[in-house]
Amino acid sequence: MTERQRIEDQLDDIVSRIVRQRDHRCITCDRPMIYETATAGHFMHRSNHCVRWSLVNVNGQCWPCNRDDDSVRYEQAMIRRYGEELTAKIKVLARLPCHQSVDDLREIYRELQEIKKQMK
Ligand SMILES: [Zn+2]
């Protein structure tokens, strides 16, 4: 495993933990969820690295909604939670080429650790 893969795994893990701790209802169907069974669902697919670790792009989702992967319903839910402007911005950001160095990823990880710490 390369250093980049290692830090990307750490980023996926911390984003999932933050989102599941933050969100107590599924963004798509609004059913209540608990931390242990909630999933971290990406609005724009995780292959879009510019938004892969965005705490707006990633939201708590129940397992059935995450599996269904209904992008139209997810977009409607995004607009309800964040408004049209921010939702549109995420879509634009997702399409940009994203050249993050390993140091950039480490910096994102440090920021997320800080956010996680403040949640306790
Ligand atoms: Zn759901």
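Modeller: A nonpolar core is a set of buried Ala, Val, Leu, Ile, Met, Phe, Trp, Tyr and Cys residues joined through C-beta atoms within 7 Å. A residue is buried if 20 or more other C-beta atoms lie within 10 Å of its own, exposed if 12 or fewer, and partly exposed in between, with C-beta atoms placed from the backbone. This is a predicted model, in which local features need pLDDT of at least 70 and side-chain atom pairs count only at pLDDT 80 or more, while totals for chains, interfaces and linings use all residues. Residues are numbered from 1 along each chain as its sequence is written.

Biologist: Which residues touch the most other members of the largest nonpolar core?

Modeller: The largest nonpolar core has 13 residues. Those touching the most other members of this core are Cys 26 and Cys 62.

Biologist: Which helix gives the most to this core?

Modeller: Helices are DSSP runs of H or I with at least four residues, and strands are runs of E with at least two, numbered from the N terminus. With three residues, the element that gives the most to this core is helix 3 (residues 71-82).

Biologist: Is Asp 30 buried or exposed?

Modeller: Asp 30 sits in the loop between helix 1 (3-22) and strand 1 (39-42), and its phi is near 70 degrees, a positive value in a residue other than glycine. Because it has 12 C-beta neighbours inside 10 Å, Asp 30 counts as exposed.

Biologist: What is the phi of Asp 69 near?

Modeller: Asp 69 is found in the loop between helix 2 (63-68) and helix 3, and it is partly exposed, with 13 other C-beta atoms within 10 Å. Its phi is positive in a residue other than glycine, near 55 degrees.
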